[in-house]
Amino acid sequence: MKKILVAGEINVDLILQNFNTFPELGKEVLVEDCFLTLGSASLICAMGLVKLGNPVSFVGKAGCDAYGDFCLERMQQAGMDVSRVIRSGDLKTGITVSISSPRDRAMVTYLGAITALEAGEVTDEMLAGFSHLHVSSYYLQECMRPGVRGLFARARRLGLTTSLDPGCDPSLEWRPDILATLEETDVFFPNEVELRAIGGREDLAEALAALSNGRTLTVAKLGRAGAMALENGRPLSVPAFPVQAVDTTGAGDSFNAGFLHAWLRGMPLSDALRWGAACGALSTRGLGGTSTQATAAEAQDLIRRTS
């Protein structure tokens with residue numbers, strides 16, 4: 001079984017669920033429920049991979065505070081190796097407030113330690129013994145971003161495959177340095193907005209083609225429209241799985257986990273896309289990004305029942 005290292009951000013999510021109207025300045029809005037859970041794209045993906053039965057280690061930074069304690073305790077309880085997590089009294093663990101509904105969500109984030117990890121702190125010694133390296137939140141991880149290309153190049157020389165999720169660019173500049181990073185990336189996971197912005201095309205298939213570099217497999221997460229990738233230069237799509245969604249927080253990160261679970265086992269691209277779509281859909285059954293992530297048996301059952 002291939003060992004996976006996830007390098008990225010650690011933070012908590014405070015989910016405010018089902019607003020009666022969306023918040024406006026100067027007005028108070030009520031929600032139906034609230035829930036404190038593990039957050040961050042990297043961490044939700046890592047938890048999804050563990051739930052599917054993969055051995056996962058995490059390298060990141062957290063503050064010596066209650067939120068940091070909460071995160072590491074939950075990670076360890078899930079069976080994740082946290083020996084590479086760096087705690088610092090000079091940092092505060094980040095927090096995201098997610099104002100969420102079954103249709104969509106808006107997020108407000110205090111970055112804190114999210115930006116603190118540097119690519120050089122993920123040493124060759126840390127990479128040794130792993131088969132795959134995953135990084136999420138490319139644009140949020142400000143200290144990490146300049147060195148991701150070099151980190152992936154080092155990982156490649158050591159025999160690891162790599163994957164990258166860009167996440168949203170809060171500045172909406174969609175800085176093009178990511179294109180150079182993709183030259184060292186095996187799998188790229190943009191959502192629909194990110195694909196159009198980074199690929200520079202409105203048409204999704206054209207945006208996928210624009211990102212083709214002879215190396216990177218770009219997998220577009222399209223929400224209710226499913227997922228799409230290019231196979232032999234032609235678009236390959238799979239539909240979304242119908243579920244009764246409670247909260248969409250982290251669904252794309254659970255998609256990443258499902259896809260990687262299948263792809264690292266050498267499954268065909270169409271099957272890996274279905275695994276991603278199934279895990280993304282099943283993760284929306286409860287509040288937060290990690291509370292209802294799929295087991296391998298649950299994902300297989302959903303794929304079999306709706307194939």
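Visitor: What does the secondary structure of the chain come to?
Guide: Ten helices and 14 strands, where helices (H or I, at least four residues) and strands (E, at least two) are DSSP runs numbered from the N terminus. This is a predicted model, in which local features need pLDDT of at least 70 and side-chain atom pairs count only at pLDDT 80 or more, while totals for chains, interfaces and linings use all residues. Residues are numbered from 1 along each chain as its sequence is written, and side-chain values use heavy atoms, with hydrogens and water left out.

Visitor: How many of the 307 residues count as buried, as a percentage?
Guide: That would be 54%. Buried means under 20% relative accessible area, exposed means over 50%, and partly exposed is in between (1.4 Å probe, protein chains only).

Visitor: Let's go to helix α6. Which of its residues are buried?
Guide: In α6, residues 192-199, they are Glu194, Leu195, Ile198 and Gly199. They sit on the same side of α6, because they cover an arc of only 110 degrees around the axis; the arc is that of the directions from the helix axis to the C-beta atoms.

Visitor: And what covers them?
Guide: The cover includes α5 (177-182), β11 (187-188), α7 (204-210) and β12 (217-221).

Visitor: What goes on at the start of α6?
Guide: There, a side-chain oxygen of asparagine 191 comes within 3.1 Å of the backbone nitrogen of valine 193. That is a polar contact (a pair of N or O atoms within 3.5 Å; within protein, one must be able to donate a hydrogen and the other to accept it, and residues adjacent in sequence count only if both atoms are side-chain atoms).

Visitor: What follows α6?
Guide: Glycine 200, with a positive phi near 70 degrees.

Visitor: New topic: how many salt bridges are there in the whole structure?
Guide: A search finds 18, counting a side-chain nitrogen of Lys or Arg within 4 Å of a carboxyl oxygen of Asp or Glu. One of them joins aspartate 186 and arginine 215 at 3.2 Å, N to O. Aspartate 186 is in the loop between α5 and β11 and arginine 215 in the loop between α7 and β12, so the pair ties together parts 29 residues apart in sequence.

Visitor: Is aspartate 186 buried or exposed?
Guide: Buried, at 14% relative accessible area, whereas arginine 215 counts as partly exposed at 25%.

Visitor: Which side chain does arginine 196 meet in a salt bridge?
Guide: Glutamate 192, at 2.7 Å, N to O.

Conventions
Contact means heavy atoms within 4.5 Å.
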